[in-house]
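Colleague: I'd like to learn how to read the features of a model like this one. Could you walk me through it, starting with a helix?

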Amino acid sequence: MAYAKPGLREFPSPESGRLSEEMLAAFDEDGVIILRDFASPPSCEALQKRTDDLVDAFDPRSVRSFFSTTSNVQLDDDYFVRSGGDIRFFFEEGAFDEAGELKQAKAHSINKMGHAMHDLDPVFEAFSRTPKMAALVASLGFKKPLLVQSMYIFKPSGIGGEVVCHQDSTYIYIEPETCIGFWFAIDDADLDNGCMQFLPGAHKGPLRRLNHRRADGKLVTDVIDDTPFPEHLAAPACASRGDLVVFHGRSPHMSAPNRSSRSRHAYTLHIVDEEARWPAENWLQRPADLPFRGF
Ligand code: FE2
């Protein structure tokens, strides 16, 4: 078995998509595995090109939304909430000057695009709903998978911000917790440009925080267990274009700012099992005419 860096186990992608017993055992133990060359370079290029076109068509003067895991600014933002059933853009915190103007080119100011490209855009749909992905997800034990969220993450050179250690089940909560994240490298990612870092094995610990909608409609994040994350276990998920990181909803992860001269584009999908209960308190809700779908 090969190791990408101490702690994270990597495998060549299975051609069919189905994980082997060895891969499933590693995923169960670590909560995270890397599958090399899962997506083809042309499919990654097509996704990047389509993203360029969507960015070109977007007027940044229409919004001032930015994304932060260090504050709750996004959570009060109706623009954010409605992105669950739309394709919307979120800026880096350092994108605007005091006068509210972008400090650099639009394409280098965006933190992410989300959260329904996989249902609303044909190029994203084709990337997300492949027979190989369906086979991978089935082999992870999903009975009725639902693709609930997609994000294109830009992590632009120079200003791509830090993402502090968190668990994705904090934001995509389901009972029982069946959320699994799928992170595709669209650009090569390493420590210089702020690659993902995971704490292998730490998914067996508790869910620390829960984001939910209160009775008054306000989104809040409550601490439900204050056990510190074992950040000393952090292992970088160095990845090349087309590599896929599969990670458990409780797997703690983070990334440093991108201080390099290279962007770090990535595409993520979150999948849950339809047989579980989707709480009405989740931030992510779909309009009636755009229900969650499987493959
Ligand atoms: Fe995350």
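Modeller: Gladly. Helix α1 (residues 21-30) has as its buried residues Met23, Ala26, Phe27 and Asp30. Buried means under 20% relative accessible area, exposed means over 50%, and partly exposed lies in between, using a 1.4 Å probe and protein chains only. Helices (H or I, at least four residues) and strands (E, at least two) are DSSP runs, numbered from the N terminus.

Colleague: How are the buried residues of α1 placed, seen down its axis?

Modeller: They fall within an arc of 100°, so they line one face of the helix. The arc is that of the directions from the helix axis to the C-beta atoms.

Colleague: Before we go on, what should I keep in mind about the model itself?

Modeller: This is a predicted model, in which local features need pLDDT of at least 70 and side-chain atom pairs count only at pLDDT 80 or more, while totals for chains, interfaces and linings use all residues. Residues are numbered from 1 along each chain as its sequence is written, and side-chain values use heavy atoms, with hydrogens and water left out.

Colleague: Which strands do the buried residues of α1 pack against?

Modeller: Their partners are β2 (8-12), β3 (32-36), β8 (180-185) and β13 (244-248), where contact means heavy atoms within 4.5 Å. Around the helix, Ser20 belongs to the loop between β2 and α1, and Ser20 is partly exposed at a relative accessible area of 29%. Its C-alpha atom is separated by 9.9 Å from that of Leu136, 116 residues apart along the chain. Just after α1, Gly31 adopts a positive phi of about 75°.

Colleague: You mentioned β8. How many of its residues are buried?

Modeller: Six of its six residues are buried. Ile180, Phe182 and Phe184 point one way from β8, whereas Gly181, Trp183 and Ala185 point the other way.

Colleague: How do I read the pairing of strands?

Modeller: Strands of a sheet pair through backbone hydrogen bonds, either parallel or antiparallel. Here two strands pair if DSSP finds at least two bridges between them. β8 runs antiparallel to β13, joined by five bridges, and antiparallel to strand β15 (residues 266-273), joined by six bridges. Follow Trp183 as an example: its bridge partner in β13 is Val245, and in β15 it is Thr268.

Colleague: What is the order of the strands in the open sheet?

Modeller: Its four strands come in the order β7-β14-β9-β12, with antiparallel pairing. β7 and β12 (235-236) stand at the edges with a single partner strand each, so one side of each is left without a neighbour in the sheet. Two bridges join strand β9 (residues 196-198) to β12, and Gln197 stands opposite Pro236 in β12.

Colleague: Which residues are the protein donors of the iron ion?

Modeller: Donors are N, O and S atoms within 2.8 Å of the metal (3.2 Å for Na, K and Ca), and water is not among the atoms, so sites may look incomplete. For the iron ion the protein donors are His166 (NE2), Asp168 (OD) and His253 (NE2), lying 2.2 Å from it. Their spacing in sequence is H-x1-D-x84-H. His166 in strand β7 (residues 163-166) and His253 in strand β14 (residues 253-255) link distant parts of the chain, 87 residues apart. Both His166 and His253 are buried.

Colleague: And how many aromatic pairs does a search of the whole structure find?

Modeller: There are 14. Rings of Phe, Tyr and Trp (its six-membered ring) pair if their centres lie within 6.5 Å; planes under 30 degrees apart count as stacked, over 60 as edge-to-face and the rest as tilted. The rings of Phe80 and Phe90 have centres 5.9 Å apart and planes at 70°, so this pair is edge-to-face. Phe80 is in helix α3 (residues 78-81) and Phe90 in strand β4, so the pair ties together parts that are ten residues apart in sequence. Phe80 is buried at 4% relative accessible area, and Phe90 is buried at 1%.

Colleague: Which charged end sits over the ring of Phe90?

Modeller: That of Lys112, 5.4 Å from the ring centre. A charge sits over a ring if NZ of Lys or CZ of Arg is within 6 Å of the ring centre and within 35 degrees of the ring normal. Likewise, Lys132 lies over the face of Phe38, at 4.5 Å from the ring centre.
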